[in-house]
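Please read it alongside the sequence and the model.

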Amino acid sequence: MTAPKTPGWLDWYAGPSTPDFTLPPGAVDAHCHVFGPQAEFPFAPERKYTPCDASKDQLFALRDHLGVSRNVIVQATCHGADNSAMLDAVRAAGGRARGVATVRPDIGEAKLRELHAAGVRGVRFNFVKRLVDAAPTADLAAIAKKIAPLGWHVVLYFEAADLPGLEDFFGTLPVPLVIDHMGRPDVTKPVQGKEFGRFLEFAERNDVWVKVSCPERLTVTGPPALDGERHAYTDVVPFARRVVTEFPDRVLWGTDWPHPNLKNHMPDDGLLVDHVPLIAETAEARRKLLVDNPMRLYWPGETA
């Protein structure tokens, strides 16, 4: 028997539009997830939400529809530290996917090497207070030491307002850092303001990569990527554009499909692809964002 979805849960957008923007050959969706299917891969008892199913086959269908070549599948928090669904998807992709796992601090070297062989290249830690019970600094410090010899990185998810209390700790970690969704800036504040400037200084000082992803999660004024809107989330564009301009060789892009925990609308993923030229204004910037950078981080030594 499967558990019912969290009340008010928004399912992923079925029948996405065909993008006007053609992704360059070798483009990577560097941030997406799979949910279950719950009947095959049960959700974790400690989860904060129960989503709809979002299977690997549905992810691969979206990949092909959008013109994406490869995926980086990030462990969803609803699965806790059971990486089975993510690993099943990565293995089924035939080399066209990498994984980012959730692991416990007592994980051994043999298990880490097993994950590496399966295609995992990083671990994710969530510092968003509404999604975790406590900041997992001790666990992250222990795990970072274990993954450093493998050449992995840490994916960090936090709110911009919490960075001042975390940045010194993050700076001690002995691995590259990949920051989800631009560190969740408050886009009602100035893009040239102190808070976003502090985030960019943090990125400059450390071995940091930044995902210019999730405008649908950051926006306040929209308009949403729905009903053919190809100039969506205009309040987020200046923030993403500044990151792409200042760190052209350390930015990544992803759909965030199937968009966990959105509250007011579910974007059309085809229109999210049309958001890319708004934030990366030249062909060179788009190639770095979509192809060169993710290939260097997740498939080093391979050509797209």
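Strands (E, at least two residues) and helices (H or I, at least four) are DSSP runs, numbered from the N terminus. The model is predicted: local features need pLDDT of at least 70, side-chain atom pairs count only at pLDDT 80 or more, and totals for chains, interfaces and linings use all residues. Residues are numbered from 1 along each chain as its sequence is written, and side-chain values use heavy atoms, without hydrogens and water.

**Strand β3**
- Ala97, Gly99 and Ala101 point one way from β3, Arg98 and Val100 point the other way, and all are buried.
- β3 (residues 97-101) runs parallel to β2 (residues 70-74), and four bridges join them.
- Across these two strands, Ile73 has Gly99 as its bridge partner, and Val74 has Val100.
- Three bridges pair β3 with β4 (residues 120-126), also in the parallel sense, and Ala101 stands opposite Val123 in β4.

**The sheet**
- Eight strands form an open sheet with parallel pairing, in the order β1-β2-β3-β4-β5-β6-β7-β8; strands pair if DSSP finds at least two bridges between them.
- β1 (28-32) and β8 (251-252) are the edge strands, each pairing on one side only.

**Crossovers**
- Helix α2 (residues 84-92) lies between β2 and β3 in a right-handed β-α-β unit; right-handed means that, with the strands pointing away from the viewer, the path from the first strand over the helix to the second runs clockwise.
- β3, helix α3 (residues 109-118) and β4 make a right-handed unit as well.

**Helix α8**
- In α8 (residues 237-246), the buried residues are Val237, Phe239, Ala240, Arg242, Val243 and Val244.
- Their cover includes α6 (194-205), β7 (208-211), β8, α10 (276-279) and α11 (283-298).

How values were computed:
Buried < 20%, exposed > 50% of the residue type's maximum accessible area, 1.4 Å probe, protein only. Contact = heavy atoms within 4.5 Å.
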